[in-house]
Amino acid sequence: NGLIKDQNAARNYWECAICLEVLKDPVQIRDCGHQFCELCIEDILKNDPRCPTCRIDISGAKIFEDQAARRVIKQLDVNCCNEGCSWVGCLGSLLQDHQNSCHFLIRSAENNNQLDVSKLEQKLESLMLKVNTLEKKHEEDIKRLKLEHENELKQVKAKHKESEDFLKQLISKLDEDVKGLRFRYEVFTSRTTEAAHAPQVVQQPPPGQQLELAYTWKIANFTRKLAQANSYNDWGEIESEPFFSSHGYKLKLTSNLNEGPSGNRGYLGIYLILMKSDRDETLPWPFTKKFTFVLVDQQDDIAQRQNVRCTLWPRGENEFQRPRQRENTGVGTRNFVKHSTLRTRQYIRDHAVFIKIVVDP
């Protein structure tokens with residue numbers, strides 16, 4: 001019930017950051033040292049348990065009564081608020097002695113010893129209006145802080161999503177590069193092994209022409225798969241892993257073990273498929289390289305092998321245009337090799353078949 005004489009000085013040192021008034025029943029946060037009114041900080045703990053000044057996490061266990069601040073605030077000089085009273089003294093004296101004995105305290109006209117309740121009610125209404133205004137401001141501040149927190153969280157999540165997408169793209173590209181390197185290594189080791197065992201059959205290319213590079217597809221459990229396709233009279237379709245040619249085209253092979261449903265009963269079909277990749281922008285289109293399918297005769301003596309070959313030349317068909325979807329339609333032959341031929345020589349060995357594709361440089 002007193003008015004502090006030097007309001008600016010009091011606010012600079014003892015202002016509550018929540019209600020913006022001089023601290024009442026001051027408490028202090030142990031970790032950061034910021035001070036607030038006891039009632040003000042209790043509201044904060046219910047809604048958003050963070051320090052309103054520095055935003056660190058707080059709890060009731062970290063808050064204690066600031067008796068030192070209480071003693072200093074009680075020594076602040078104040079004026080009596082009662083109209084006509086010129087009393088000046090410290091806040092402690094006002095609360096303990098003067099406010100109940102002030103001669104200018106509002107009293108009723110009938111009895112000077114009784115308080116004028118109607119005027120006190122008016123004052124109370126005025127104070128309640130101020131309290132409501134402060135509560136609304138406090139609620140608006142809480143909403144604003146929550147909104148800021150939600151926006152910060154959304155930004156963090158968005159950045160995390162961008163990093164995650166970038167990492168997935170990087171892993172996918174690395175995976176394709178590893179497959180390309182593995183294919184080149186297999187081609188290199190395959191050609192080196194053949195050259196070591198049978199150097200007399202290796203032909204040197206004409207001047208200015210490069211050697212062909214091949215991809216080898218091993219079809220394991222071939223005997224069982226072929227028997228199932230014939231038994232159920234279905235295509236028995238299987239496909240290889242994707243691989244890259246020496247030019248950078250992404251390819252894969254598919255085979256219909258049984259071409260009976262297409263009217264070519266007793267034959268195995270083989271097809272080449274162009275696939276979409278992140279290298280397509282650097283390549284010439286359409287694909288124009290001659291390619292040859294080779295069924296490998298697995299004789300131990302390379303010089304005695306009788307491989308089955310089928311060569312195709314692209315003629316600008318749609319299947320050789322740049323892929324716009326995941327992959328194009330396959331191009332090949334339905335009559336690559338007869339089932340009866342497969343059972344001769346060593347085309348099937350340990351129930352496995354090897355099919356190569358050789359792409360011109």
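**View 1. Histidine 351 lies in the loop between helix 7 and strand 15.** This is a predicted model. Helix 7 spans residues 339–342 and strand 15 spans residues 353–359. Histidine 351 is not a glycine, yet has a positive phi of about 60°. Aspartate 350 is placed in that loop between helix 7 and strand 15 too. Its phi is also positive, at about 55°, although aspartate 350 is not a glycine. Most residues other than glycine have a negative phi. Is aspartate 350 buried or exposed? Aspartate 350 is exposed, because its relative accessible area is 71% and the exposed class begins over 50%.

**View 2. A cis peptide bond joins tryptophan 285 to proline 286.** Omega for this bond is near 0°. Most peptide bonds are trans. Proline 286 is found in the loop that runs between strand 11 and strand 12. Strand 11 covers 267–275, and strand 12 covers 291–295.

**View 3. Strand 2 pairs with strand 3 and with strand 4.** Strand 2 is made of residues 26–29. Strand 3, residues 35–37, pairs with strand 2 in the antiparallel sense over three bridges. In strand 3, cysteine 37 is the bridge partner of proline 26. The hairpin of strand 2 and strand 3 has five residues between the strands. There, glycine 33 takes a positive phi near 80°. Strand 4, residues 63–65, also pairs with strand 2 in the antiparallel sense over three bridges. Which residue of strand 4 is the bridge partner of glutamine 28? The partner is phenylalanine 64.

**View 4. Five acidic residues gather in a surface patch of negative charge.** The members are Glu42, Asp43, Glu135, Glu139 and Glu140. Two elements give two or more residues each: helix 2 (38–47) and helix 5 (117–197). Helix 5 gives the most, with three residues. Aspartate 43 has its place in helix 2. Aspartate 43 is classed as partly exposed because its relative accessibility is 34%. That value passes the patch cut-off of over 30%.

**View 5. A nonpolar patch forms on the surface from Phe166, Leu167, Leu170, Ile171 and Leu174.** Together these residues have about 500 Å² of accessible area. Leucine 174 has its place in helix 5. How exposed is leucine 174? Its relative accessibility is 47%, so leucine 174 counts as partly exposed.

**View 6. Arginine 144 and glutamate 148 meet in a salt bridge within a network.** Their side chains meet at 3.3 Å, N to O. Why are the two separated by about one helical turn? Arginine 144 and glutamate 148 are four residues apart in helix 5. Both ends are partly exposed: arginine 144 at 41% relative accessibility, glutamate 148 at 36%. The network of salt bridges links Lys137, Asp141, Arg144 and Glu148. A search of the whole structure finds 15 salt bridges.

View 7. Aspartate 165 has a relative accessible area of 29%, so aspartate 165 is partly exposed. Lysine 161 is partly exposed as well, with 43%.

**View 8. Glutamate 239 and lysine 252 are joined by a salt bridge.** Their side chains meet at 3.0 Å, N to O. The pair links distant parts of the chain, with 13 residues from one to the other. Glutamate 239 belongs to strand 8, residues 237–239. Lysine 252 belongs to strand 10, residues 250–256. Lysine 252 is buried, because its relative accessibility is 2%, and buried means under 20%.

Note on methods:
Residues are numbered from 1 along each chain as its sequence is written. This is a predicted model: local features need pLDDT of at least 70, side-chain atom pairs count only at pLDDT 80 or more; totals for chains, interfaces and linings use all residues. Side-chain values use heavy atoms; hydrogens and water are left out. Patches are made of residues with over 30% relative accessible area and no salt bridge: like charges are joined within 9 Å, nonpolar side chains (Val, Leu, Ile, Met, Phe, Trp, Tyr) within 5 Å. Accessible areas come from the Shrake-Rupley method with a 1.4 Å probe; for residues, only the protein chains shown count as cover. A salt bridge is a side-chain nitrogen of Lys or Arg within 4 Å of a carboxyl oxygen of Asp or Glu. Lys and Arg count as positive and Asp and Glu as negative; His and the chain ends are not counted. The place of a charge is taken as NZ of Lys, CZ of Arg, CG of Asp or CD of Glu. Buried means under 20% relative accessible area, exposed over 50%, partly exposed in between (1.4 Å probe, protein chains only). Two strands pair if DSSP finds at least two bridges between them.
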